[in-house]
Amino acid sequence: MSNQSPFGGRRAALFPVLPKGEVLATYATYGEAQEAVDTLAKSDFPVKQVSILGNDLKTVERVTGKLTWGRVALAGAASGAWLGVFFGLLFFIFSPDGAGLPFVFAAVMIGAGFGMLFGVVSAALNRRRRDFTSTMQVIASTYQVIVDGALVNRARNLLAGHAEAERAVPAPPHPSEPPRVEDPPAAPQHPLP
């Protein structure tokens, strides 16, 4: 996963641009692309010169269930309770006369009540437009690892060396396979006189 630095340039945040460089490899999943970048990072490659670019973005909305009044009320009560916990603890900590834990409990209950009320009213206003719950995500069809042009050959060699090292390790035998017998060493060939 990548996290942007809060100290990064403000100009880059306002005007995003596509990364420049050559395509090192194309992968079907983000995990595979991330694994390639991890391999480069473990090999002391300057990963600041690497980007992962997702292509052919698609929005996927997965329906998780039917929107019922009970589900709406419960979700509203839960979010309101969290807000009540927050305000109750603030008053508990900063109160000069030392408000007790019953005050925090009361704040949670009041928050849950208002959250439930707000959730039910909001669902009633939007009821005709949406009668289901869902989650939304953006995914890409392919992921390209982009590397600065001056470093692309070094990156290819590192990834190729990593792939060869993985192939060199034989896979452990399946328990149902008979044991492997090593070939005996070949007898030395002596030239005939």
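Q: What order do the strands of the open sheet have?
A: The open sheet has three strands in the order β1-β5-β2, and the pairing is antiparallel. Strands pair here if DSSP finds at least two bridges between them. Helices (H or I, at least four residues) and strands (E, at least two) are DSSP runs, numbered from the N terminus.

Q: Which strands stand at the edges?
A: β1 and β2 (50–55) do, each with a single partner strand, so one side of each is left without a neighbour in the sheet. On average, neighbouring strands of this sheet are turned by 25° against each other, direction ignored. For such angles, axes are lines fitted to C-alpha atoms, for helices over the stretch in contact, and angles run from 0 to 180 degrees between N-to-C directions.

Q: How many bridges join β2 to β5?
A: Six bridges join these antiparallel strands. Ile52 stands opposite Val145 in β5.

Q: Before we go on, what kind of model is this?
A: It is a predicted model: local features need pLDDT of at least 70, side-chain atom pairs count only at pLDDT 80 or more, and totals for chains, interfaces and linings use all residues. Residues are numbered from 1 along each chain as its sequence is written, and side-chain values use heavy atoms, with hydrogens and water left out.

Q: OK, and what lies across β1, β2 and β5?
A: That is α2, running at about 170° to β2.

Q: Which residues have the most contacts inside the largest nonpolar core?
A: They are Leu24, Tyr27, Leu40, Phe45, Val50, Val145 and Val147, in a core of 17 residues. β1 (22–27), α2 (30–42), β5 (142–147) and α5 (152–168) each supply at least two residues of this core. The largest share, four residues, comes from α2. A nonpolar core is a set of buried Ala, Val, Leu, Ile, Met, Phe, Trp, Tyr and Cys residues joined through side-chain atoms within 4.5 Å. Buried means under 20% relative accessible area, exposed over 50%, and partly exposed in between (1.4 Å probe, protein chains only).

Q: What does Leu40 touch?
A: Leaving out residues up to four places away in sequence, Leu40 touches Leu24, Phe45, Val47, Val50, Ala155, Leu158 and Leu159. Contact means heavy atoms within 4.5 Å.

Q: Where is Leu53 found?
A: Leu53 is in strand β2. Not counting residues up to four places away in sequence, Leu53 touches Leu18, Pro19, Thr142, Tyr143, Gln144 and Ile146.

Q: And Arg154, where is that found?
A: Arg154 is in helix α5, and at 39% relative accessibility it counts as partly exposed. Beyond residues up to four places away in sequence, Arg154 touches Ser43, Asp44, Phe45 and Pro46.

Q: Where is the place of Asp44?
A: Asp44 is in the loop between α2 and β2. Its phi is near 60°, a positive value in a residue other than glycine. Most residues other than glycine have a negative phi.

Q: Is Asp44 buried or exposed?
A: Asp44 counts as exposed, at 65% relative accessibility. Asp56, in the loop between β2 and β3 (58–66), has a positive phi of about 55° although it is not a glycine.

Q: New topic: how many residues does α3 have?
A: Helix α3 (residues 69–94) has 26 residues and reaches 37 Å from its first C-alpha to its last, close to the 38 Å expected at 1.5 Å a residue. That expected span is 1.5 Å times one less than the number of residues.

Q: What do the buried residues of α3 pack against?
A: They pack against α4 (101–126). The buried residues of α3 include Val72, Gly76 and Gly80, while those of α4 include Val104, Val108 and Gly111.

Q: Last one: how many helices and strands are there in the protein?
A: There are five helices and five strands, and along the sequence they follow the pattern α-β-α-β-β-α-α-β-β-α. Of the 193 residues, 22% count as buried.
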